[in-house]
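Please look over the points below with the structure open beside them.

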Amino acid sequence: MNAAPPLESSPRIGRGFRLQWEEVQNCFVLLYPEGMVKLNQSGGEILRRCDGTRSVARIVEELEQAFGMQGLEKDVVAFMEIAGKQRWLEWEAA
């Protein structure tokens, strides 16, 4: 996806990738056949909610509630846009 994801769309982890918690690294990682991406806390929190059932808008709401912050939409959408270009995420419009 080359554009920002619509707020109604429901992202999921891309084919060929697997998100998991790595106790040794104390963070979420994204595994794929050629290697691994170590995610920072924000990236892990976003990707762990990308299960194909939650809309982008709902993910933003959950993150704002979880961290007691408002105005996260721009940052979450920007991360998802980059993740889509990397094929970490895929989605279809609702």
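1. Helices (H or I, at least four residues) and strands (E, at least two) are taken as DSSP runs, numbered from the N terminus. The model is predicted, so local features need pLDDT of at least 70, side-chain atom pairs count only at pLDDT 80 or more, and totals for chains, interfaces and linings use all residues. Residues are numbered from 1 along each chain as its sequence is written, and side-chain values use heavy atoms, without hydrogens and water.

2. The loop between β2 (18-22) and β3 (27-32) holds Asn26. Asn26 is not a glycine, yet its phi is positive, near 60 degrees. Asn26 is exposed, at 54% relative accessible area (exposed means over 50%, buried under 20%, partly exposed in between; 1.4 Å probe, protein chains only).

3. Arg87 lies in the loop between α3 (73-85) and β5 (89-92). Its phi is also positive, about 70 degrees, in a residue other than glycine. Arg87 is exposed, with a relative accessible area of 60%.

4. The largest pocket has a volume of about 230 Å³. Of its 13 lining residues, Ser42, Ile46, Leu63, Phe67 and Leu72 are the closest to the centre. A pocket is an open set of points on a 1 Å grid over the protein atoms alone, where a 1.4 Å probe fits, with protein on both sides within 12 Å along at least five of seven lines; lining residues have an atom within 4 Å of a point. The volume is the space filled by probe spheres set on the points, which are joined across faces, edges and corners.

5. Two or more lining residues of the largest pocket come from each of α1 (41-47), α2 (56-67) and α3. The most come from α1, which gives five.
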